[in-house]
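Work through these exercises with the structure open beside you. Try each task before reading its solution.

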Amino acid sequence: MEVIFILIAISLILAVTFLFLFFRAMKDGQFDDSYTPSIRILFENQPKKSKKDQPKKTKSYE
Amino acid sequence: MHPVLPSEIQFKCYHCGESCEQEFISVEDKKFCCQGCKLVYEVLSQNDLCEYYELEANPGKSQKDNSSLKNRFDYLDDLDVGQKLLDFKNDLESHITFYIPLIHCASCIWLLENLFQINKSIFSSRVDFIKKKVQVKFLHDQISLKEVVSLLSTLGYEPKINLSDLDHKSKNPVDRKTLTKLGVAGFCFGNMMLFSMPEYFSEAELLGEGFKRLFDYLNVVLSLPIVFYSASDYYTSAWNAVRQRKINMDVPIVLGIIAFFLYSLWEIFVQGNAGYMDSLGGLLFFLLLGKVYQQKTFATLEFDRDYKSYFPIAVTRLIQDREEVIPLFKLQVGDVVLVRDEELIPADALLLSGQADIDYSFVTGEEVPIPKGKGQLIYAGGRQKGEPILLTIQKLPSQGYLTDLWNNESFGKSNKRLLEPLANRISGVFTWTVLSIALVAFVFWMGKDLSIAVKAFTTVLIIACPCALSMSTPFTLGNTLRIFGKGKFYLKNAAVVERLALLDTVVFDKTGTLTDPANASIEYFGEPLSSETKSIIKAMVARSTHPLSNRINLFLGKIHPVHLEKVQELKGAGFLAVYKNQEFRLGSKIFTGVKGDHFSEGGNHVFLNVEGVNLGYFHIQSGLRNGASKVVKGLAEIYELHVLSGDHAHERESLAHQLSHELKFNFEQSPTDKLNYLKALNIKGKNTLMIGDGLNDAGALQESQVGIAITDRVSHFSPASDAILDAESFDRIPNFLAFARNSRLIIKASFGLSFLYNILGISLAVQGLLSPVLCAILMPLSSISVVVFTTLATNFMGVRKGLLHLNYR
């Protein structure tokens with residue numbers, strides 16, 4: 001049964017880690033703007049330079 | 001030049017998506033409506049940023065109307081200005097946050113966050129889409145602030161820099177603090193519940209005494225951050241109230257927290273029992289949750305704007321025929337300034353030269369420009385339409401006819417005769433009742449058993465701690481705020497709801513509030529217009545953005561415009577057009593050469609002149625806003641109604657006839673008169689609601705119990721107020737007020753509900769029967785049931801008042 005002491009310690013350490021991560025996220029301002037990241041994640045990380053070689057998309061405006 | 005296209009074939013500008021009716025410029029296979037749009041495209045394609053056009057179709061904004069003055073950002077080189085605008089500066093880098101109203105789509109975000117690809121010296125830029133702000137970090141050795149702003153401007157994203165940006169406000173750290181406190185309380189509460197579980201189940205006996213002690217001590221440790229950190233706001237608030245010999249809702253809460261904490265410590269360390277620490281954690285967690293819920297803010301709206309948010313930061317001053325751009329705060333009386341088309345009059349000034357045509361729509365709500373002649377005094381706040389004018393400054397920007405309003409004591413501090421919230425008034429009685437019940441219980445048990453006496457005394461304080469009671473207000477008000485928001489009525493904070501419920505007097509501004517410039521009534525007097533003449537007029541007015549042209553355009557309806565041989569718009573005067581070798585003039589009295597003043601009274605006149613012969617004139621009067629008479633009639637049953645107007649009294653009869661004869665009209669009111677009128681009403685003990693729209697109502701909005709600013713576009717400028725109403729929802733004002741009254745009833749009902757719990761809890765506590773388990777069940781149960789009740793009740797009322805719709809698409 002003494003193993004429970006260790007488990008309690010682990011559970012507390014885990015919980016404190018999450019609390020600490022929450023503090024850090026708060027300080028970084030992650031909770032200040034909850035909308036823009038949802039758009040930002042959809043942008044592609046474009047490979048630099050290679051872009052010019054691609055055929056350009058064309059659209060018709062008639 | 002390109003030929004004029006028949007209107008059936010339309011090209012859309014690749015950059016801004018506007019249809020290119022008249023002419024367009026082609027680059028490769030892409031068409032642009034103007035040089036500006038083409039320029040933006042070229043900059044982007046050179047820098048390999050054409051993904052901008054792939055994220056959204058035609059993401060840009062037309063560059064046609066952009067000012068092309070090279071020196072308009074010169075003031076940014078001024079060290080004082082730079083210093084005040086920057087968020088942060090060290091030896092290497094500078095940080096600055098710009099407000100860019102244009103941000104509207106994913107492409108905007110993408111482009112603004114890829115500025116570094118255009119200029120390496122801008123090493124970071126980050127967009128906040130909701131607030132329409134971008135934070136730019138740059139190396140100031142390599143690029144100046146002015147160059148950064150110019151770059152943004154070239155891309156079509158010109159930042160809006162106003163006078164108010166110079167008084168740096170701190171960036172809302174309060175909200176973060178409450179969230180952090182909630183996080184800590186949640187963490188502690190969750191773990192305490194876990195460690196308290198063994199106490200509630202008999203199986204835990206198997207674990208043995210050692211575990212139980214450990215759990216109790218862990219609970220004590222976990223309660224410390226809650227008591228000493230998360231609850232700190234309640235101590236300050238309660239202490240401030242007690243110092244002013246008042247009792248607010250936080251006083252009984254603090255009493256409860258102290259009783260909880262001390263009694264539990266005594267139980268755990270002296271008696272060896274479990275204590276009530278987990279319930280204490282739950283209490284604060286729920287309380288803070290309510291607090292955060294109530295703090296609903298509309299981030300895109302600003303409620304505390306004064307004239308500074310509207311005035312420009314810089315003006316063009318003329319010194320010995322040399323132009324220089326200086327910050328507004330360096331402007332002196334006697335300076336000569338140059339004001340161009342679409343620029344703002346920065347201070348009260350005399351017109352030296354040029355034809356002034358001033359649009360005071362932000363000040364009065366009337367958007368038809370007022371012509372001014374040489375030597376006339378022009379008040380600050382108007383926008384020049386037409387040619388550049390020269391002005392001599394008569395008064396400092398902060399001392400003008402309009403801006404003097406803000407020097408009034410009403411703006412000094414919040415000296416509003418504010419109503420005490422319902423909860424605060426109840427809590428006085430509540431606290432004394434609970435204290436006396438606790439004392440009576442203590443005295444009763446003292447003779448029999450001292451330990452039960454102590455237990456009865458403290459548990460009464462614990463269980464009576466008005467958790468449910470103090471939750472009912474924030475949740476009801478928070479819900480009300482959200483429902484109002486869905487109806488396009490945005491309140492500054494939750495306290496406004498309670499004030500809205502207790503009004504008895506409503507004061508309207510006339511121009512722009514009761515009347516709507518877009519609902520103009522137009523009459524034509526003179527020789528009847530042939531359909532050909534109508535088509536000619538249509539061709540002229542269709543190409544202008546002048547408000548009077550727009551109204552005549554609407555009045556003429558859908559008729560086909562003719563093709564004019566020559567047409568010219570003279571700003572501030574009118575149109576000069578040639579059709580079939582005949583000269584047509586449409587415009588002001590002077591422009592068309594009309595003599596005499598035998599015209600219908602009030603409103604605006606537009607004259608038509610063909611080959612020197614006056615045919616007739618259009619008489620344009622602003623009409624009532626849609627639903628205005630319904631609103632006024634609806635309100636007249638309950639409220640005392642007043643109307644304030646800066647105009648002359650000639651419309652009194654027709655307004656009284658159209659609206660209601662119970663209205664009390666007051667004409668020719670200056671901005672300060674309006675403020676004093678509200679002050680007089682307040683002194684008479686009225687609870688006043690002011691509904692206005694322009695800067696000239698700012699004083700009255702400030703002085704009233706509740707000030708509502710009406711605006712056509714909510715993200716645009718509106719004067720400081722307690723609430724902003726989208727003009728679209730104007731006809732629902734009676735519903736909003738009725739709903740606010742309902743919210744108050746709901747608060748009262750939920751008070752009743754939580755009193756029931758309190759009576760139940762107290763009746764157990766006085767008998768010394770309360771146990772940690774009972775407490776752990778009763779506290780969350782009462783809180784949650786109150787929250788559920790208020791949420792259901794407010795939503796039900798919202799649907800009944802037509803402010804909410806059940807089927808969310």
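**Exercise 1. Into which domains is chain B divided?**

Solution. Start with the ground rules. This is a predicted model, in which local features need pLDDT of at least 70 and side-chain atom pairs count only at pLDDT 80 or more, while totals for chains, interfaces and linings use all residues. Residues are numbered from 1 along each chain as its sequence is written, and chains are lettered from A and ligands numbered from 1 in the order in which they are written.

Now list the parts of chain B; the bounds come from an automatic or database domain assignment.

- Domain 1 is 1-43 + 56-66.
- Domain 2 is 70-166.
- Domain 3 is 173-292.
- Domain 4 is 312-407.
- Domain 5 is 477-515 + 625-738.
- Domain 6 is 516-623.

**Exercise 2. Describe how domain 5 of chain B meets domain 6 of chain B.**

Solution. Take the centres over C-alpha atoms: they are 35 Å apart. Next, find the contact (C-beta atoms, placed from the backbone, within 7 Å). Domain 5 of chain B gives 7 residues and domain 6 of chain B gives 7 residues. Last, sort the domain 5 side by class: no nonpolar, 5 polar and 2 charged residues. Here Ala, Val, Leu, Ile, Met, Phe, Trp, Tyr, Cys and Pro count as nonpolar, Asp, Glu, Lys and Arg as charged, and the others, Gly among them, as polar.

**Exercise 3. Which residues of strand 13 of chain B lie on each side, and are they buried or exposed?**

Solution. Strand 13 covers residues 356-359 of chain B. B:Ala356 and B:Ile358 lie on one side, B:Asp357 and B:Asp359 on the other, and all are buried. Buried means 20 or more other C-beta atoms within 10 Å of the residue's own; exposed means 12 or fewer, and partly exposed is in between, with C-beta atoms placed from the backbone.

Strand 13 of chain B pairs with strand 14 (residues 370-372) of chain B over 3 antiparallel bridges. It also pairs with strand 16 (residues 383-384) of chain B over 2 antiparallel bridges. B:Ile358 stands opposite B:Ile370 in strand 14 and opposite B:Gln384 in strand 16.

**Exercise 4. Locate the nonpolar cores.**

Solution. A nonpolar core is a set of buried Ala, Val, Leu, Ile, Met, Phe, Trp, Tyr and Cys residues joined through C-beta atoms within 7 Å. The largest has 121 residues, and B:Val497 and B:Ala723 have the most contacts inside it. Leave aside neighbours of B:Val497 within four places in sequence: its contacts include B:Leu477, B:Leu481 and B:Ala740. Another core lies apart, with 65 residues, including B:Phe215 and B:Leu280. For chain B as a whole, 42% of its 809 residues count as buried.

**Exercise 5. Show where chain A touches chain B, then look along helix 1 of chain A.**

Solution. Count both sides: 19 residues of chain A are in contact with 21 residues of chain B. Helix 1 (3-28) and helix 2 (36-40) of chain A each give two or more residues to the chain A side. Helix 1 gives the most, with 6 residues. By class, the chain A side has 11 nonpolar, 3 polar and 5 charged residues.

Next, turn to the record. UniProt lists residues 6-23 of chain A as "transmembrane region" in an unreviewed entry. Its positions are given in the numbering used here, feature names are shortened, and annotations may be inferred rather than shown by experiment. Over residues 6-23 of chain A the model is 100% helix and 0% strand, with the end C-alpha atoms 26 Å apart.

Finish with A:Phe23, in helix 1 of chain A. A:Phe23 is partly exposed, with 13 other C-beta atoms within 10 Å.

Key: Helices (H or I, at least four residues) and strands (E, at least two) are DSSP runs, numbered from the N terminus. Domain bounds come from an automatic or database domain assignment. Two residues are in contact if their C-beta atoms, placed from the backbone, lie within 7 Å. Two strands pair if DSSP finds at least two bridges between them.
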